[in-house]
Structures are given as structure tokens and as C-alpha cells.
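Subject: Structure for your review

Dear colleague,

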Amino acid sequence: MNKTTFSADAFSGLLHAGTGGSFMRLPRLPADAKALKDAKVTAAILGFPWDAMCISRTGTNMGPKAIRDASDQFSFFNANLGLDLSDHYTFADCGDVPVVPGGAVKTMKLAEDMVDEIMVGGAMPITLGGDHSITIACVRAFAKHVKKPGLILVDSHFDTALEVGGEELSHCCPITRAVDAGFDPRNIVIIGTNGWMNPRNELDYIREKGITLTPLETIIDKGPVAVAREAARIAGNGTDSVYLTFDIDAIDGAYAPGTGVPAPGGMTSREAIALIRELAKVGIGGLDLVEVSPSYDHDGITSRLAVQLILEALGGNVRR
């Protein structure tokens with residue numbers, strides 16, 4: 001009787017039968033430092049299914065599941081680059097943050113503690129959002145472990161609001177909360193912003209603090225690789241590690257419609273891939289990808305793009 005076999009880096013029957021429940025069919029482990037150390041995990045996936053701080057269209061709480069589902073179509077091997085991420089990382093999926101409905105402060109603390117456990121365990125946290133407020137918990141934990149952290153934001157929006165209606169954990173506030181957590185503004189770069197989608201007071205904060213702003217027009221003029229190299233130089237200047245947060249709405253709504261605020265005229269998917277691949281060569285110590293809202297997606301194209309961007313970032317990190 002012939003035995004049916006599957007290549008370890010190719011697809012399995014899960015592609016047609018439904019997701020295995022984890023990112024890239026990875027083994028599940030708790031966000032527990034000892035468990036991660038014992039398994040020698042160096043990169044850990046964490047879902048943060050939270051959209052309670054969103055001022056626009058909701059639905060990003062389903063982002064982690066959609067991204068995990070879409071990941072069944074990918075492998076860790078890139079045949080074009082001759083690169084197998086499994087040769088460079090030991091992966092695990094740590095499941096999801098246990099969200100407390102209506103409890104932003106408690107939910108953020110739970111998430112911060114889980115990211116903290118991942119980093120104590122010696123792994124890079126890779127967090128799937130969720131609205132952009134999830135970055136607040138991530139950078140708070142990151143700043144505990146990295147003495148001099150750098151930060152790169154790719155986004156159509158500044159995300160430098162001090163508060164929104166008195167709420168300091170809004171998805172408009174991750175950069176301000178990162179500064180509060182100890183990130184030096186001189187090592188923060190914001191890339192890809194849309195001039196028609198941002199308020200004056202947030203621009204004032206950027207200028208006052210000395211944050212580097214690289215608007216969409218600069219990507220168009222200079223190209224994504226040149227922009228990424230300059231951003232990496234600034235974020236990496238004198239820092240010990242860099243945190244990268246990527247909002248899918250930085251990409252043109254034609255390529256990424258599944259988000260709360262689809263961006264007209266944003267980056268193409270090819271520009272975004274080139275950008276994140278080059279950015280990650282700075283040597284990232286943490287990563288999140290946010291604002292995937294599958295209820296507005298068409299045929300899962302935004303979720304699949306999100307998976308590829310994560311893989312490209314990991315590949316760029318290896319190739320640094």
C-alpha cells in the first residue's frame with residue numbers, strides 16, 4: 001500500500017479543510033517564559049483580538065483569526081530567495097490575549113504581561129491585531145527589556161494623539177504612549193502618512209518632540225527601499241533594538257480594503273513588501289501588524305497580504 005506524504009514546507013489538507021488554528025500551522029505553547037525557554041522558541045506569535053478603542057469602522061477583533069486562516073496558504077520557505085525561516089527561528093503560536101470586554105486598562109495589562117513573558121522567555125513577540133491600540137501594550141513590555149529602543153511606524157495616520165475624548169488608550173495614541181514608556185522621539189520614524197487624514201495637533205506633537213515624519217509623497221519620490229534605509233538609520237542610531245509596527249491601512253485600499261480606514265493612494269502591495277523587507281534589516285526585536293478587518297475584505301486579500309508582510313519582515317531580519 002502506497003503511503004501518502006506531504007512536504008514539510010508545502011501545503012497540507014488543512015488548506016481545503018480549514019485552519020489548524022495557529023499561525024502557519026505552528027505548535028501551540030502558552031505565553032510562559034519557562035515553556036518558551038524549554039522549547040528554545042525564538043519567535044512567538046500572539047493574537048490580540050481587540051477593537052474596542054477604534055474610532056472608525058470596527059471588526060479588527062477578528063483580524064488575528066483571519067490572518068491565521070490566510071497563513072495556511074504560505075510556507076516558511078521562500079523559493080525566490082533560497083531562504084527558509086525555519087533555519088533561523090524556532091516558532092510557536094501563543095494563542096490570544098484574553099480580552100476583557102469593555103475593560104481597556106485590564107486588557108492592556110494582560111497583553112503587556114503576555115508580551116513580557118514572551119520576551120523573558122527569549123523570544124521575539126510578533127503580535128497580530130486588533131486595532132492599533134494593541135501596540136501600546138507591546139511597546140510598554142518592549143521598553144522593559146530594551147534599554148534604548150527604537151520605533152518605526154508604517155501607517156496612513158500619525159497616531160500621535162495625546163488622547164481622544166479623554167481616552168489615552170485609543171488606537172490614535174500608540175506613539176505618544178511609546179514616548180511615555182521611554183522611547184526616545186529622536187529614534188522614532190513614522191512612514192507613509194496621508195496628508196488628508198491627519199489632524200494639526202498630532203503634527204504639532206511630532207514637530208515638538210523631534211519625531212521623523214516620512215509622508216507618502218516621499219515614498220513616491222524616493223522609492224520604498226531608500227525610505228526604509230533612512231528610517232532604519234534613524235531608528236537604529238544608538239539603539240539596542242527596534243520595534244516595528246505596521247498598520248495595514250498604509251497600503252492603498254485597492255490592495256488592502258479590509259481595514260477600518262482604507263487609504264486612497266496609499267502604498268501598493270509591492271511597495272509595502274519592498275519597504276518592510278528593507279526596514280527589518282535594521283534588526284527588529286518586536287513586531288506587530290494591525291487593523292486587518294476581515295468583514296470589509298474581499299476574498300481575503302488583505303489577510304493574505306498581512307501574512308506575507310510578516311514573513312517579509314522576518315526574512316529581512318535574517319538578512320540584516
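How much space lies in the largest pocket? The answer is about 300 Å³. Here a pocket is an open set of points on a 1 Å grid over the protein atoms alone, where a 1.4 Å probe fits, with protein on both sides within 12 Å along at least five of seven lines. The volume is the space filled by probe spheres set on the points, which are joined across faces, edges and corners.

This is a predicted model, in which local features need pLDDT of at least 70 and side-chain atom pairs count only at pLDDT 80 or more, while totals for chains, interfaces and linings use all residues. Residues are numbered from 1 along each chain as its sequence is written, and side-chain values use heavy atoms, leaving out hydrogens and water.

The largest pocket is lined by 17 residues (those with an atom within 4 Å of a point), and Ser75, Phe77, Asn78, Leu311 and Glu312 are the closest to its centre. Both β2 (77-78) and α11 (301-318) supply at least two lining residues; such elements are DSSP runs numbered from the N terminus, helices being H or I of at least four residues and strands E of at least two. The largest share, five residues, comes from α11. Eight lining residues are nonpolar (Ala, Val, Leu, Ile, Met, Phe, Trp, Tyr, Cys and Pro), three are charged (Asp, Glu, Lys and Arg) and six are polar (the others, Gly among them).

The second largest pocket has a volume of about 220 Å³. It is lined by 18 residues, with Ile55, His157, Asp159, His171 and Cys172 closest to the centre. Its lining comprises six nonpolar, six polar and six charged residues.

Helix α11 also takes part in helix packing. Helix α3 (residues 63-70) packs against α11 at about 75°, the axes being 8 Å apart. Therefore α3 is roughly perpendicular to α11 (65 to 115 degrees). Axes are lines fitted to C-alpha atoms over the stretch in contact, and angles run from 0 to 180 degrees between N-to-C directions. In this contact (heavy atoms within 4.5 Å), Ala66, Ile67 and Ala70 of α3 meet Ser303, Arg304, Ala306, Val307 and Ile310 of α11.

Helix α10 (residues 269-279) and α11 pack at about 30°, with axes 8 Å apart, and are therefore roughly parallel (under 35 degrees). Six nonpolar, three polar and two charged residues form the contact of α10 with α11.

Yours sincerely

Notes:
Parallel < 35°, antiparallel > 145°, perpendicular 65-115°, else oblique.
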